[in-house]
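Welcome! Please take a moment to look over the chain and its fold before reading on.

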Amino acid sequence: MAVVNLKDLLTPEEKARVEQRYKDRTTRQATGAKVAPEMWIIAKLGVYLGWGAVEAVKRGYIESFEKNGDSFEKVLVPFTLDEALMLIDAADAVHNQMTAKNQSATYYATAGAFSKEGFSALEKDLKKRSEIAFDE
């Protein structure tokens, strides 16, 4: 499978939007904006998914392998901006959920430490919340 330039796949309307976005970006940079939106997306992918995600964006495809009889064949799967944005949204959701669980655990630990009855005062509520958490 040959690698195709992304610009060749764009419609004239999409090309016009890309050109306008480029002009807007260069204007923002000239007026002191710090990070271009494209770099923000790539940086976020790198933080969440590692250097391999950044390389996939730079190449424009993901290397995959498909079984071909007794051997495996390398396949180049296009990597689109929509996929990158979906991965970022999913990683954000997972990160937010983990942060909320950590904050909840910190709350219970602190409340139990400063409660007159100790941790037993929070045990009933914590048991209910833990059952909900494990249902996810």
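Predicted model: local features only at pLDDT ≥ 70, side-chain atom pairs only at ≥ 80, totals over all residues.

Residues are numbered from 1 along each chain as its sequence is written, and side-chain values use heavy atoms, with hydrogens and water left out.

Let us begin with the chain. Six helices and two strands make it up, in the order α-α-α-α-β-β-α-α from the N terminus. Helices (H or I, at least four residues) and strands (E, at least two) are DSSP runs, numbered from the N terminus. Of the 136 residues, 13% are buried, that is, under 20% relative accessible area with a 1.4 Å probe and protein chains only, while exposed means over 50% and partly exposed lies in between.

Next comes the core. Seven residues form the largest nonpolar core: Ile-41, Leu-45, Ala-53, Ala-56, Phe-79, Ala-84 and Ile-88. A nonpolar core is a set of buried Ala, Val, Leu, Ile, Met, Phe, Trp, Tyr and Cys residues joined through side-chain atoms within 4.5 Å.

| Helix | Residues |
|---|---|
| α3 | 37–49 |

Finally, turn to the surface. Trp-40 lies in helix α3 and counts as exposed because its relative accessibility is 54%.
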